[in-house]
Amino acid sequence: MVPRVVYGRGSFDQLADILLPKRKNSEAPFIFLVDDFFEGKALQQRIPWLFNDQIIFISAEEEPKTEQVDALVQKISKDFDEIPSGIVGIGGGTLLDLAKAVAIMLNNEGSSSQYQGWDLVNRPALYHVGVPTISGTGAEVSRTAVLLGPDKKLGINSDYTTYDQVVLDPELATTVPKDQWFYTGMDCFIHCVESLEGTYLNAFSQSHGEKALELCKEVFLGELSQNEGEEKLMMASWHGGMSIAYSQVGVAHAMSYGLSYVLGTKHGLGNCLVFQHLQEFYPEGVELFLKMKTKQGIEFPNNLCSELCDSDLDQMVQIALSMEPLWENALGKNWRDRITRDQLIQIYQKI
Ligand code: NAD
Ligand code: ZN
């Protein structure tokens, strides 16, 4: 779990005080990895850089890649004689995962692709701080950093991945565009449904999942003010992340990984595109999801897969089915008897 967290509107301004005692000396910088949406915006002026700290703006257009992590680590090692005091990630799931991976790789040898999997990291990461600016993925609490590697999309799952400190400032999410707000917010909703309907469920996951689900309903079906909505969704993301930390996601995530690998569809949107067609697996969840979509006036792109050739569809299915723990969580130990390739192809063809 994340050992330290501050929460509140404007709490971003506590970052200077939080980092100060963690500065090793004036030669060991803090590296701020920041979503490039904030380049030239007011937030840039509020980043508490000192001495030779570095701010690196990064586009979240594409999801993080192992090559990108390795290149950043090389650059940082080349630019400074000393190992940095720490890494601060500011942005959505993309930047949060990137910063976790960079913090790990500054203290571990080789390429980040060697550590995609479970508990392969040998040495603790550098001190790292996460500041989410859009809510839903739960990347701020999770013990994984999802990376697209040379042959797979898989997280670096380890006890060293989790942030040492998180700053939750709901105000930072004010500028998120509505569509993106919905896609990333629905990632949280889908985490809840997949966790709560899964066979891996336990009291720990259930308690967090139920709270997150209740908050999602308030945010997407209720009549909240902008501030309340931002605050509640930030906490929903936190609880949703905690819920899957001790269970697993399910069918939507497995199939969305296939979409992402073949078409580059981003996580939040990909999950939405799949989830809308999963009535047979999550009947109540899909009904609620469609209500939220209508209430918020969101339209999804369509015909993404209708023109795909058989080999692309096959690859998607193969990637989806390779996510075995997700299927086992969703459908139980005998999941292979409960799902066919044709079923998955038919779902993809509806997207
Ligand atoms: P994102 O980080 O990809 O950002 C989506 C878009 O929102 C980008 O264009 C970004 O610039 C913009 N944005 C972010 N904050 C903004 C703000 N305050 N104002 C205006 N625009 C803003 O989105 P995401 O959905 O949070 O993250 C998706 C990523 O998270 C994927 O790479 C996925 O693999 C990962 N993920 C990780 C975990 C985990 O546990 N580690 C869980 C789920 C998803
Ligand atoms: Zn997710």
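**Close-up views of a predicted model**

View 1. Gln-276 touches Val-286, Phe-289, Leu-290 and Phe-300, leaving aside residues up to four places away in sequence, where contact means heavy atoms within 4.5 Å. Gln-276 lies in the loop between helix 9 and helix 10 (283-296), helices being DSSP runs (H or I, at least four residues) numbered from the N terminus. Because its relative accessibility is 15%, Gln-276 counts as buried (under 20% relative accessible area, 1.4 Å probe, protein chains only).

Residues are numbered from 1 along each chain as its sequence is written, and ligands are numbered from 1 in the order in which they are written. Local features need pLDDT of at least 70, side-chain atom pairs count only at pLDDT 80 or more, and side-chain values use heavy atoms, without hydrogens and water.

**View 2. The site of the zinc ion (ligand 2).** Asp-187 (OD), His-191 (NE2), His-253 (NE2) and His-267 (NE2) coordinate the zinc ion at 2.1 to 2.2 Å, donors being N, O and S atoms within 2.8 Å of the metal (3.2 Å for Na, K and Ca). In sequence, these donor residues follow the spacing D-x3-H-x61-H-x13-H. Asp-187 in helix 5 (residues 178-196) and His-267 in helix 9 (residues 267-275) link distant parts of the chain, 80 residues apart, and both are buried.

**View 3. Helix 8 beside helix 12.** Val-251, His-253, Ala-254 and Met-255 in helix 8 meet Leu-326, Trp-327 and Ala-330 in helix 12. The axes of helix 8 (residues 251-263) and helix 12 (residues 324-331), which are lines fitted to C-alpha atoms over the stretch in contact, come within 8 Å and cross at roughly 150 degrees, on a scale running from 0 to 180 degrees between N-to-C directions. Helix 8 and helix 12 are therefore roughly antiparallel to each other (angles over 145 degrees).

Terms used:
Helices (H or I, at least four residues) and strands (E, at least two) are DSSP runs, numbered from the N terminus. Buried means under 20% relative accessible area, exposed over 50%, partly exposed in between (1.4 Å probe, protein chains only). Angles under 35 degrees count as roughly parallel, over 145 as roughly antiparallel, 65 to 115 as roughly perpendicular and the rest as oblique.
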